[in-house]
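This report goes through one structure part by part. Please look at the sequence and the model before reading on.

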Amino acid sequence: MFVKRLISAVVLLAIMGIALITGKTFLLLLGMLVSLVGVFELLRAGHMQKCVPGCIGYISVIGFYLMLYFRCDSLYELWAAATLIVMLVAYVAAYPKYHVKDIATCFLFVFYVGVLISYVYRTRCMAYGQWFVWLIIISASGSDTFAYLTGRLIGKHHFSELSPKKTIEGCIGGVAGAALLAGAYSMFLPEGAASLFDMNASLIFVGTAVVGSVISQFGDLAASAVKRNHGLKDFGDLIPGHGGVLDRIDSILFAAPLVYYILYGFMH
């Protein structure tokens, strides 16, 4: 099992690294693929992966990433409204096959995975985004790593019943670790990237990592809540030793939009 986890981790890190460094179309396509698989995993948990509203969700995700590719920012509200309307039309046409909760679930999952993970691509598309995008990884994956290590070493007080292994000490360690990583990373920013902000870039990076770490841990717990609701241990077995795609990106889903908007807000 350990060997499987190690090999999977190395492969995932390699793919992620290439995508973040390359950016552009490759990162966009990877984001779309991850979104489609993530939505599928969520719908499968409720046995809705093959239903008509679910298929509309898949098409909606593809449409969303096409808008990102062609930079049709003005169409986002139209896309959201059209997705909901088409799902409701399917609901009415097939009545009483589906419950209104099924439609709400499909609509939610499109946003939960498809839209939230897209902020990795959006951050990468910023000026100096090749530097800023790694702050998402620091805030999520870096935080996860430090939280795990701290929890194993000194964790005593449980944080949430959603995840018995999570401890208050681990959560604090995750926040502190993300802050340290962000502070160290900010020292290597090129002058052009640092000059984009109205205040000290290191302070912005550390503050963003702190907030990002906190919210990313709630992202992890949100995914755990969904799994608990459906009696699942993992969302799938696509990644040997790690579970499904959502099991690997749950914290990134919450950290990515937060990092994007904080950095954007502090820019000139």
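Which residues does Val113 touch, not counting residues up to four places away in sequence? The reply comes under the second heading below.

## Basis of the report

The model is predicted, so local features need pLDDT of at least 70 and side-chain atom pairs count only at pLDDT 80 or more, while totals for chains, interfaces and linings use all residues. Residues are numbered from 1 along each chain as its sequence is written, and side-chain values use heavy atoms, with hydrogens and water left out.

## Val113 and its contacts

Val113 is in helix α5; helices (H or I, at least four residues) and strands (E, at least two) are DSSP runs, numbered from the N terminus. Val113 touches Val34, Ser35, Gly38, Val39, Leu42, Leu246 and Leu253, where contact means heavy atoms within 4.5 Å. Val113 and Val39 are 74 residues apart in sequence, yet their C-alpha atoms are 6.4 Å apart in space.

Val113 has a relative accessible area of 0%, so it is buried. Buried means under 20% relative accessible area, exposed over 50%, and partly exposed in between (1.4 Å probe, protein chains only).

## Helices α2 and α5

Two packed helices are described by the angle between their axes and the distance between the axes. Helix α2 (residues 24-45) packs against helix α5 (residues 100-124) at an angle of about 160°, and their axes are 9 Å apart. That makes α2 roughly antiparallel to α5. Axes are lines fitted to C-alpha atoms, for helices over the stretch in contact, and angles run from 0 to 180 degrees between N-to-C directions. Angles over 145 degrees count as roughly antiparallel, under 35 as roughly parallel, 65 to 115 as roughly perpendicular and the rest as oblique.

The residues of α2 that meet α5 include Leu27, Val34 and Leu42, and those on the α5 side include Phe109, Val113 and Ile117. The residues of this contact divide into 14 nonpolar, 4 polar and 2 charged. Here Ala, Val, Leu, Ile, Met, Phe, Trp, Tyr, Cys and Pro count as nonpolar, Asp, Glu, Lys and Arg as charged, and the others, Gly among them, as polar.

## Helices α7 and α11

The axes of helix α7 (residues 134-154) and helix α11 (residues 245-266) come within 8 Å and cross at roughly 145°. Among the residues making the contact are Leu135, Ile137 and Asp144 of α7, with Ile252, Val259 and Leu263 of α11. By class, the contact of α7 with α11 has 9 nonpolar, 3 polar and 1 charged residues.

## The nonpolar core

The largest nonpolar core has 67 residues, and among those touching the most other members are Leu42, Tyr65, Val120 and Leu263. Such a core is a set of buried Ala, Val, Leu, Ile, Met, Phe, Trp, Tyr and Cys residues joined through side-chain atoms within 4.5 Å. The largest share of this core, 11 residues, comes from α5.

Leaving aside neighbours within four places in sequence, Tyr65 is in contact with residues including Leu28, Met32 and Ile117.

## Backbone and loops

The peptide bond from Tyr95 to Pro96 is cis, with omega near 5°. Pro96 is in the loop between α4 (76-93) and α5.

Lys24, in helix α2, has a phi near 50°, a positive value in a residue other than glycine. Lys24 counts as exposed because its relative accessibility is 67%. Tyr128, in the loop between α5 and α6 (129-132), also is not a glycine and has a positive phi of about 60°. Tyr128 counts as partly exposed, at 33% relative accessibility.
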